[in-house]
Amino acid sequence: NYHYLASDALKAFKQMPASEQEAIKSSLAEIHKPADVWIAEINETDIRFLCVGENHTNATRAFLARVFFSNFDIDTLLLEARPEEISKILRHTDNGSRSVALLDADISAIVRQVKQRNPGIRIKGIEETLRQRTNRAGKPGTAREDSILANLIQQYSPDEGRYVVLFGARH
């Protein structure tokens, strides 16, 4: 969670002289783009794979559903879930469940949004399987992220449109 870094940065900013604060504000204003403009620009590119970092909170996922996934064209969404979890998520979402948990936060708004924007979307899981966890147990230098990366590579096919992986921001 990077909240503490942001809090420290804000404290440091508030302690700066007014002239330095204004210089920073001015610089940020020059490079800032509203999310809808930024997303529209990316939509016009040939980007085939995009990692979207998140921190597994309801607020973050609601924001991503409302602002990002409602405006961004994708063909495949990769989630940190096992295939059986994907089936359960899709079943519950399709059945109208108000909240569907994935990694302790509601994923239903994102799933509904991507399906509304693209009814043919593929939603796949890239989470470490139990077999992968067992195989790496006791092997130094291996981590869950290695399995997730292997699964991501296995799922990705560049000729099948645009992919977005919704990934914990710490990976």
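Predicted model: local features only at pLDDT ≥ 70, side-chain atom pairs only at ≥ 80, totals over all residues.
Q: How do the axes of helix α4 and helix α6 cross?

A: Angles under 35 degrees count as roughly parallel. Here the axes of α4 (residues 58-69) and α6 (residues 108-117) come within 8 Å and cross at roughly 15°, and the two helices are therefore roughly parallel to each other. The crossing in which α4 passes α6 is left-handed.

Q: Which residues in α4 and α6 meet?

A: Contact means heavy atoms within 4.5 Å. On the α4 side are Arg 61, Leu 64, Ala 65 and Phe 69, and these meet Ala 109, Ile 110, Gln 113, Val 114 and Arg 117 in α6.

Q: Is Ser 108 buried or exposed?

A: A residue counts as buried under 20% relative accessible area. Ser 108, whose place is in helix α6, has a relative accessible area of 1%, and is therefore buried. A polar atom of the Ser 108 side chain lies 3.3 Å from the backbone oxygen of Arg 98. Leaving aside neighbours within four places in sequence, Ser 108 is in contact with Thr 93, Ser 97, Arg 98, Ser 99 and Val 100.

Q: Which residues does Leu 50 touch, not counting residues up to four places away in sequence?

A: Leu 50, found in strand β1 (residues 49-54), touches Phe 68, Phe 72, Tyr 163, Val 164 and Val 165 on that basis. Its relative accessibility is 18%, so Leu 50 counts as buried. Ser 147 is 97 residues apart from Leu 50 along the chain, and their C-alpha atoms are separated by 19 Å.

Terms used: Residues numbered from 1 in each chain as written. Heavy atoms only, no water. Axes fitted to C-alpha atoms, helices over the stretch in contact; angles between N-to-C directions. Helix = DSSP H or I, 4+ residues; strand = E, 2+ residues; numbered from the N terminus. Parallel < 35°, antiparallel > 145°, perpendicular 65-115°, else oblique. Left-handed = near helix turned anticlockwise from the far one by under 90°. Buried < 20%, exposed > 50% of the residue type's maximum accessible area, 1.4 Å probe, protein only. Polar contact = N/O pair within 3.5 Å; in protein donor to acceptor, adjacent residues only side chain to side chain.
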